[in-house]
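Look at the sequence and the model below.

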Amino acid sequence: MLTTPRHSSKPSPFILYALAFIFSFLLCLPWVNAKETPKPKPQQWQIDGIVAALDDSYPKVKGYAFDKLAEYKPQDLKILLKKPEEIAQKAANILKDEKVDSSVRSSAASALGNLGEAATKYIPDILNILKDEKVNSYIRGSAASALGNLGEAATKYIPDILNFLKDEKVYSVVRGSAASALGNLGKAATKYIPDIVNILKDEKVDSGVRRSAASALGNLGEAATKYIPNILNFLKDEKVNSYIRGSAASALENIKQLKLEEVVVVLNYIYEPNQESLKDNGTFEYWRFLTYFLSGGNDEVKTLLTWVGKPERKAVPPKLTHEQGKTTLEVFLKAWEPTQGFTELREDLAKQISEVATNKKVTWKLDNLLLLQSHYNNLKQVRSTHANAVQSVIDNLEVWRWFVRARNTILIHAALWLALIFAYPKFPQVQAIFFWNPWVRRIFGVGYVGFLLAWVPFLRRKLFEPFQPSLLADAGLDNFNDQSYFPESRVKIPISEEILPVTAALPSIKGQIVLEGDSGLGKSMFLRHLVKNSQQILVYLPAQKCHKGVIEAIQDKLHGQAQDAGFLKNLIYSGAIDICIDGLNEVTAETRAKICQFVESYFRGNIIMTTQPLEWTAPSTAKIYKLQPLEQQQIQEFLISRQPRLPKDAQLQGADYAKACTNYLTEVFQQPQAKEELDAVRRILSNPMDLTVVALMLSQGKHPNLFRLQEQQYNLIAAEYLKEWNQEFPLKKFSAAVYEMRLADKQALPADEFYQVAMSLSDEKYKMVVSRQWQDEKGEAKKEWYFRHDKIMDFFLVQNFLGETDAAEGLLVDRMGDPRFRGVYFLLATLLEIDAAKKLREELIQYAADTKDNTVSNTFVQLLRTR
């Protein structure tokens with residue numbers, strides 16, 4: 001029979017203490033890296049063998065049986081043991097028996113801790129053993145472990161276990177086992193965590209006890225969360241025993257997931273020179289694993305470990321997107337402060353900051369400046385050699401930032417002025433303060449605003465938009481129907497002298513143009529046609545209003561806002577505003593000279609001027625286009641084209657009107673008459689103004705007298721005036737009022753005094769005057785009347801020059817050089833008695849010889865010759 005020899009003699013206490021310490025020490029190691037061997041699952045026959053061994057007479061046989069029971073899981077024993085209470089009683093008896101060998105008693109204690117509920121009644125006995133200082137420390141240690149394994153049943157004895165842990169007189173093995181027992185008692189022991197932490201922090205306590213305390217904290221799980229900073233401090237402190245730090249690191253595994261700022265403490269151990277002293281088979285790979293494990297493998301830690309902690313070279317990405325680079329630097333910034341005191345980790349982190357910042361595949365943006373600057377400040381503070389690399393990246397961005405700031409400033413400034421531009425038409429204050437005030441525009445416009453206002457078409461249109469009605473007021477567009485304009489009027493082109501329709505030759509105002517033609521040929525009508533159809537900013541100026549200068553005349557139309565004449569000149573020079581000046585022949589030579597000087601000074605401007613033929617020196621920069629009289633075919637076309645503008649109650653309309661026109665033209669052109677008389681007829685009929693009067697009279701069934709058209713038309717009006725108002729037409733009084741109006745350069749008729757006259761003259765059958773409606777500053781409706789053409793005004797003016805009175809004789813001489821009365825002298829050539837007309841002819845010739853201005857005398861002679 002095979003037997004296992006066992007010594008019956010007692011070993012010396014010294015040897016037992018030493019063995020107990022070593023064995024307990026080994027059992028308590030929580031940091032062992034090797035996987036714990038799984039406890040075997042017992043078979044029933046094995047349990048029966050153990051139970052049988054417990055009845056053996058040799059105590060050590062029983063000790064072996066207890067050891068084997070301790071190898072199995074309590075839940076497995078509970079299933080297979082038939083009478084666990086009896087086994088618990090046997091174990092308790094041996095534990096209490098002082099005569100039994102200490103190793104057997106220790107085994108009995110371990111077995112009790114594994115028997116669960118069956119052993120709970122013996123907890124007081126186990127506690128007594130633990131308290132008994134005379135008992136071998138090896139036995140007491142096993143007793144402490146047994147209490148921890150018995151769980152909830154032993155919780156009421158936690159204070160006693162804690163006392164053993166705190167008692168410095170108690171042997172370290174026992175204290176270590178007490179600490180481990182507390183860690184196994186779960187929730188009931190959580191309120192004693194501060195005591196366990198104090199043991200951990202106490203440098204005087206044996207290192208084995210402190211390691212057991214660290215392990216106990218880990219076993220208590222989340223309840224120890226608030227003490228993580230304490231554990232981390234142990235990990236940071238290189239003065240603390242490396243084994244204690246290893247146990248502290250292991251304790252973290254069971255408490256909670258660590259944040260990035262916390263887990264860098266674990267990461268630092270990758271750079272620890274003596275890693276094997278911290279962990280069994282300790283290598284940097286283990287600490288990389290533990291860093292992943294404790295952080296829960298979050299994205300920040302994965303990013304950090306991609307660059308630091310001795311990653312494989314092939315794992316470091318050579319290319320980064322902007323977003324990846326930004327995220328990486330943000331993680332580095334978050335990790336920087338917690339690495340304080342970790343020299344090698346921080347140096348590695350500084351190097352990687354430089355690598356990512358200077359990565360050529362990352363295009364940094366301005367909103368990354370603060371991030372980069374933070375890294376630079378951190379590196380500069382620790383005098384890292386990598387700070388310069390980050391600074392170079394910042395310098396490049398700074399240049400770009402200043403550029404972007406300048407761009408943004410300009411954009412904001414431009415947006416502000418653009419907003420002012422849109423507010424400009426509605427707010428006179430904005431007009432006066434920001435745009436037409438030279439100092440405000442120059443200072444707050446920073447130089448470029450004035451330039452853009454002058455040269456950008458959209459801005460130019462906005463600038464003049466609120467003044468558009470005023471700028472075009474003198475054109476009388478409210479009474480102009482573009483459909484009534486006869487576009488077939490022709491003009492002679494300068495240089496080539498080719499004759500083209502005026503609308504084809506001058507579709508718009510380009511450059512500087514003088515449009516010359518006799519009175520009534522349609523110069524003003526053409527200007528109004530241009531103004532009506534133009535998309536440009538235009539100003540329409542009667543030449544009479546330019547007596548102070550063209551710039552001043554335009555300023556008057558800007559309602560006083562254009563305080564800066566220089567700015568207005570720039571706008572004109574740049575072509576921002578097209579200028580129409582009508583009636584150069586109606587002003588003095590001095591006013592014409594001012595206009596010519598203006599035109600020559602602004603040779604880049606778009607300016608068109610109209611005049612009747614006269615002796616003058618046109619601007620050297622202007623081209624002269626000569627408006628041609630209508631040809632015979634055009635005369636009939638013109639008459640027919642007047643139908644849409646005829647009065648609604650006209651006697652002849654449609655085919656009847658067309659037939660009347662044809663018959664009339666056939667009669668006047670084919671009847672026998674002298675060549676001079678025929679030429680005069682052609683001249684009158686080729687004039688659109690006179691032809692319009694002919695059309696009106698034909699539509700009323702009248703036979704026009706070409707040499708007395710205005711007088712004939714007046715006689716018809718006078719007859720209707722007498723019939724309607726029961727009084728004679730006040731020709732003399734009205735003519736005198738028109739004369740005074742002309743002297744004062746007024747355009748509107750004195751309607752308050754001559755309301756009945758204005759109503760008669762504006763009748764659709766005659767249209768000698770037209771009305772314009774507008775609103776004053778108070779918003780009240782106003783109405784004014786104007787002569788439709790200067791020829792009609794001349795008819796009433798000439799009444800003041802007829803007769804044999806001294807006043808009439810005086811006017812013939814006094815107004816000879818006044819251009820406003822040129823048309824009057826042309827009428828006198830046909831209205832005066834032949835002898836009086838000849839006398840006036842001689843006087844005009846003498847005046848022309850003296851003044852070298854024969855513009856009136858030449859035409860007067862030609863008209864008189866027809867008589």
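This is a predicted model: local features need pLDDT of at least 70, side-chain atom pairs count only at pLDDT 80 or more; totals for chains, interfaces and linings use all residues.

Residues are numbered from 1 along each chain as its sequence is written, and side-chain values use heavy atoms, with hydrogens and water left out.

Begin with strand S7, residues 623–627, which is joined to strand S1, residues 490–492, by 2 bridges. Strands here are DSSP runs marked E of at least two residues, helices are runs marked H or I of at least four, and both are numbered from the N terminus. Two strands pair if DSSP finds at least two bridges between them. S1 and S7 run antiparallel, and Lys-492 has Lys-626 in S7 as its bridge partner. S7 also pairs with strand S3, residues 512–516, this time in the parallel sense and over 4 bridges. There, Ile-513 has Lys-623 in S7 as its bridge partner. In a regular strand, side chains alternate between the two faces of the sheet.

Next come the salt bridges, of which the whole structure has 14. A salt bridge is a side-chain nitrogen of Lys or Arg within 4 Å of a carboxyl oxygen of Asp or Glu. One of them links Lys-302 and Asp-299, at 3.6 Å from N to O. Both residues lie in helix H17, residues 299–307, and are 3 residues apart, about one turn of the helix. Lys-302 is partly exposed at 41% relative accessible area, while Asp-299 is exposed at 58%. In these terms, buried means under 20% relative accessible area, exposed means over 50%, and partly exposed lies in between, using a 1.4 Å probe and protein chains only.

Arg-815 and Asp-818 form another salt bridge, with their closest N and O atoms 3.6 Å apart. Asp-818 is buried, at 12% relative accessibility. A network of salt bridges links Arg-815 and Asp-818 with Asp-745 and Arg-820.

Finally, which residues gather in a patch of negative charge on the surface? They are Glu-804, Asp-806, Glu-809, Glu-833 and Asp-835. Patch residues have over 30% relative accessible area and no salt bridge, and like charges are joined within 9 Å. Asp and Glu count as negative, and the place of the charge is taken as CG of Asp or CD of Glu. Glu-809 belongs to helix H40, residues 806–814, and is partly exposed at 38%.

Key. Patches are made of residues with over 30% relative accessible area and no salt bridge: like charges are joined within 9 Å, nonpolar side chains (Val, Leu, Ile, Met, Phe, Trp, Tyr) within 5 Å. Accessible areas come from the Shrake-Rupley method with a 1.4 Å probe; for residues, only the protein chains shown count as cover.
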